[in-house]
Amino acid sequence: MRAIRILSAALLTLGLAAAPAAADSSPSPEASGDSGGPTRAGTSFRTATEVEQGQTATARASTGDYLYWSFPADAGQRPTVRATVKLPEGHAAETWQVDVYDGLRRRQACQYGAQTRTAGSGTASVELACVLRTVRAWSEPWADDPLPGTYYVRLTALKLSADDLGQPVDAELRVESKDMGGAAAVDGSLSEPLVPGIASRPEAEGDDDSPSAVLAGLEPEDGWTSGWWSDRWVWTAAGGALAALAGVFGYRLTRGPGRPRHVPPGA
């Protein structure tokens, strides 16, 4: 029975250790509440404006412009891209679309979400969303799976009337991710993430406020593929402890009462 008590205590310890690991997989409240994002958008892949996950990026543009942002996504994350466009008064019907590309500029399909929407005449705003597939740590070269690295978001209007072309609009973009945990783990990893993309940053000094093209500098808070650790380790250890506990219990159940006290050894 002492062995059973020891294994039970070890299993309880593993259960307590799993709780913080599960808590760490949820988005940070501080990150989700941060709205201090960039106030401009790029006009191409090369000048895409960097935005952190959990930030709200804004931009003032004209109808017909192509707006580009970039953000980092690591293995095990399932990013959700949400865009809102505030339209001018008195506009005709307009169709808007948000597209997401990976670091190789391959267009990534959305699992679900309203990626394309038509705003009727006089509608104040249109909201778009794209939930990507879970980012994998490794994939076959011929596959189109999302991989760790920089991702690009492109927001634009597809169908416009001639009168609406060039009208001012306000755009908002927000990217958040859900950590899918060990269920999304694979046996392999990239030697390097699909970075660096090209991003745009304003000049720090000088009178010229035009953005300059630089290598993308954003990465996840804990670094790329930050983790050899996943909740698979917890469940594997818990399964091993349960198997050992079941073995001890089965042994005690099947070995019988043993030699009676009044029977001398060797009798």
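**The disulfide and the sheet**

Modeller: C110 and C130 form a disulfide, with 1.9 Å between their sulfur atoms; a disulfide here is a pair of cysteine sulfur atoms within 2.5 Å. The model is a predicted one, in which local features need pLDDT of at least 70 and side-chain atom pairs count only at pLDDT 80 or more, while totals for chains, interfaces and linings use all residues. Residues are numbered from 1 along each chain as its sequence is written, and side-chain values use heavy atoms, with hydrogens and water left out.

Colleague: How many disulfides does the rule give in total?

Modeller: The count comes to 1 disulfide. It links distant parts of the chain, as C110 lies in strand 7 and C130 in strand 9, 20 residues apart.

Colleague: Which hand does the link of C110 and C130 have?

Modeller: The link is left-handed, with -100° about the S-S bond.

Colleague: Is C130 buried or exposed?

Modeller: C130 is buried, because its relative accessible area is 0%; buried means under 20% relative accessible area, exposed over 50%, and partly exposed in between, with a 1.4 Å probe and protein chains only.

Colleague: Turning to the sheet, in what order do the strands lie?

Modeller: An open sheet of 5 strands has the order 2-11-4-9-7, with antiparallel pairing. Its edge strands are strand 2 (56-62) and strand 7 (110-112), each of which pairs on one side only. Strands are DSSP runs of E, at least two residues, and helices are runs of H or I, at least four residues, both numbered from the N terminus. Two strands pair if DSSP finds at least two bridges between them.

Colleague: What joins strand 4 to strand 11?

Modeller: Strand 4 (residues 77-86) and strand 11 (residues 168-179) pair in the antiparallel sense over 10 bridges, and V81 has V175 in strand 11 as its bridge partner.

Colleague: How many bridges does strand 4 have with strand 9?

Modeller: Strand 4 pairs with strand 9 (residues 125-132) over 7 bridges, also in the antiparallel sense. There, T80 has V131 as its bridge partner.

Colleague: And which residue of strand 11 is the bridge partner of A57?

Modeller: That partner is L173. Strand 2 and strand 11 run antiparallel and are joined by 7 bridges.

Colleague: Finally, what is the secondary structure of the whole chain?

Modeller: The protein chain has 3 helices and 13 strands. Of its 267 residues, 37% are buried.
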